[in-house]
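Subject: Structure for you to look at

Hello,

Here is the structure I promised to pass on. Please open it first, then read my notes below.

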Amino acid sequence: MKKTTQLKQMILGPQLEFLMEAHSGMSAKIVEEAGFKGIWGSGLSISGSLGVRDNNEASWTQVLDVLEFMSDATTIPILMDGDTGYGNFNNMRRLVKKLEQRDVAGVCIEDKIFPKTNSFLREGAQPLANIDEFCGKIKAGKDILKDDDFVIVARVEAFIAGWGLNEALKRAEAYRLAGADAILMHSKLSNACEIFDFMNEWKNRAPVIIVPTKYYTTPTEEFRKHNISLAVWANQIFRGSIQKMQEIARQIKQEQNLLNVEDSIVPVKEIFRLQDDKELAIAEEQYLSPKTGSQRCAIILASTRGEQLGKLTESIPKTMIKIGGKSILERAVEHLNEHHIKNIMVVAGYKRETIDLPNLNIIANDDYETTGEMVSLSKAVDTTQGEVVILFGDVLFKKYVLSIMLDDPSDIVIIVDTVFTLEKQYKSDFVYASPLENNSLFPKDNYYLEKIIYDEPGTEYYGEWPGMMKLTAKGLEIVKTFIQENQNRPEFQKLDIRDMLNQLVKHGHRVKIQTIAGHRIDVNNIDDFSLAVEF
Ligand code: SPV
Ligand code: MG
């Protein structure tokens with residue numbers, strides 16, 4: 001729904017609604033995240049955050065620039081505090097036009113003289129505008145707007161300037177007749193008497209908005225009873241942020257150290273979250289040249305010994321076994337480097353000190369004997385961003401196998417080897433796969449994972465998963481979310497990657513299959529080893 005329509009419905013609806021003040025793109029986001037349905041673009045807090053007075057010291061276009069950031073940062077409507085409209089009817093017309101262009105949902109103007117003074121300052125500095133002139137401003141605003149749902153609120157400052165109830169009623173009625181969608185009745189008393197006296201006489205001629213800054217002790221239920229349409233919390237998050245900034249600045253000045261403040265402020269990653277860096281990471285994946293490799297990384301899971309290889313793995317993990325003069329790991333790293341992937345993490349456990357290749361980021365899983373693959377993966381995945389290749393440390397493969405994973409844009413891609421021997425008695429990860437929808441143009445090229453089962457070879461299987469997978473930035477987020485949601489469950493400790501893939505498929509995620517015919521060996525036992533020597 002359009003922001004203008006949202007705001008109009010809030011004002012016209014039967015129940016009491018609320019606006020929370022914001023004064024920057026970030027504060028506006030925070031207000032929306034807190035669940036508010038609308039924002040008050042407060043003149044006091046915007047000028048205050050710019051470090052100037054609430055006396056029209058910031059020009060109207062400077063205020064508009066702030067509002068543009070607020071509007072871009074949010075999906076809920078903003079009612080702009082437009083002070084006096086920054087001049088006469090003509091300035092008001094231009095203001096409304098520019099606000100509509102920036103998707104601001106409405107403006108509130110007050111019946112005072114430019115340059116205004118904040119209503120809680122000197123009573124003598126609150127001269128009221130001529131009623132007819134102010135009505136002309138409202139009419140001019142109504143006549144220029146393109147979207148009929150754009151809201152124009154007329155703010156009555158009669159109580160603020162010390163004129164009393166009759167003047168307040170007279171002005172409110174004149175502004176209503178001039179076309180105002182609602183009346184903002186302001187008061188600086190510490191109780192709501194003026195407001196409630198007005199409401200009793202007004203008899204719901206038009207919706208009424210209030211700003212209970214000074215009568216903060218009045219229960220909200222009283223506002224409901226008096227048929228108030230909208231209450232504006234006009235400056236509270238700004239005041240809260242000032243207090244916090246003062247405390248932190250003083251503390252760091254005094255302590256010359258950050259240690260004690262760290263836990264009382266948000267982590268930097270909270271800023272990134274509010275800025276929605278996640279969206280950019282995914283967009284980079286989509287739009288930046290994928291050939292640079294700078295956004296790619298690899299995780300190699302190499303924590304187990306490989307007992308079946310006996311003496312060969314007595315002093316080294318199986319990933320370090322040399323075949324034709326090079327270790328399995330070294331070959332994998334070379335292939336990754338040739339695909340410009342330099343950021344390589346190796347999750348290591350058994351004899352991890354023997355993994356001595358240069359430029360690897362070794363991540364320890366010292367519980368490798370009691371934990372499954374997902375625990376190892378979770379240790380590496382936290383610091384990972386962008387596109388990632390995940391490999392088991394015991395797989396020998398031809399270089400092109402990486403290319404076919406990386407060239408497939410799907411978010412989760414696994415390699416499936418369709419060549420396996422039925423006669424051999426061994427257990428491995430066997431794959432059920434199904435083609436994409438029948439109406440696909442290329443059904444043969446579009447196989448998706450149904451499930452992976454740890455089993456002996458059988459005719460019902462499409463192929464064998466050798467432990468090679470690629471995730472796009474979005475795929476990585478899916479995996480990270482899975483880990484976050486599951487890692488506190490006891491069964492997570494023993495979970496393998498195939499279990500995660502099966503669960504992701506069950507929950508509707510697509511796992512794309514890229515098929516190879518041989519061209520890889522996982523070195524699990526002596527038989528594999530003899531094959532690998534020829535590889
Ligand atoms: C504002 O928030 O700037 C207002 C309300 O206009 S008040 O400060 O109460 O005048
Ligand atoms: Mg103001």
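Start with Asp-81. An N or O atom in the side chain of Asp-81 lies 2.8 Å from an oxygen atom of ligand 1. Please keep in mind that this is a predicted model.

Two further side chains make contacts of this kind. For Asn-118, the distance from a side-chain N or O atom to an oxygen atom of ligand 1 is 3.0 Å. For Arg-155, the corresponding distance is 2.6 Å. On its own, ligand 1 has 280 Å² of accessible area, and the protein covers 100% of it.

Where does ligand 1 sit? The place is the largest cavity.

Which residues surround ligand 1? Asp-81, Asn-118 and Arg-155 are among them. The surroundings also include Trp-40, Ser-42, Gly-43 and Leu-44. Ser-119 and Phe-120 belong to the list too. His-186 and Ala-234 are also part of it. By class, the shell holds 4 nonpolar, 5 polar and 2 charged residues.

Now step back to the whole chain. The protein has 18 helices and 22 strands. Its C-alpha trace spans about 100 × 65 × 40 Å along the principal axes. How does the radius of gyration compare with that of a compact globule, and what is the value for the protein? The protein has 33 Å, whereas a compact globule of 535 residues would have a value near 24 Å.

Two backbone details deserve a look as well.

The peptide bond from Phe-114 to Pro-115 is cis. Its omega is near -10°. Pro-115 lies in the loop that runs between strand S4 (106–110) and helix H6 (131–144).

Where is Asp-276 found? Look in the loop between helix H11 (268–274) and helix H12 (277–287).

Then find the cis bond from Phe-114 to Pro-115.

Best wishes

Technical notes
Residues are numbered from 1 along each chain as its sequence is written. Chains are lettered from A and ligands numbered from 1 in the order in which they are written. This is a predicted model: local features need pLDDT of at least 70, side-chain atom pairs count only at pLDDT 80 or more; totals for chains, interfaces and linings use all residues. Side-chain values use heavy atoms; hydrogens and water are left out. A residue is near a molecule or strand if one of its heavy atoms lies within 4 Å of it. A polar contact is a pair of N or O atoms within 3.5 Å; within protein, one must be able to donate a hydrogen and the other to accept it, and residues adjacent in sequence count only if both atoms are side-chain atoms. Accessible areas come from the Shrake-Rupley method with a 1.4 Å probe; for residues, only the protein chains shown count as cover. On a 1 Å grid over the protein atoms alone, a cavity is a set of points where a 1.4 Å probe fits but cannot get out, and a pocket is an open set with protein on both sides within 12 Å along at least five of seven lines; lining residues have an atom within 4 Å of a point. A molecule sits in a cavity or pocket if more than half of its atoms lie within 2 Å of its grid points. Ala, Val, Leu, Ile, Met, Phe, Trp, Tyr, Cys and Pro count as nonpolar, Asp, Glu, Lys and Arg as charged, and the others, Gly among them, as polar. Helices (H or I, at least four residues) and strands (E, at least two) are DSSP runs, numbered from the N terminus. The radius of gyration is taken over C-alpha atoms; the globule rule is 2.2 Å times the number of residues to the power 0.38.
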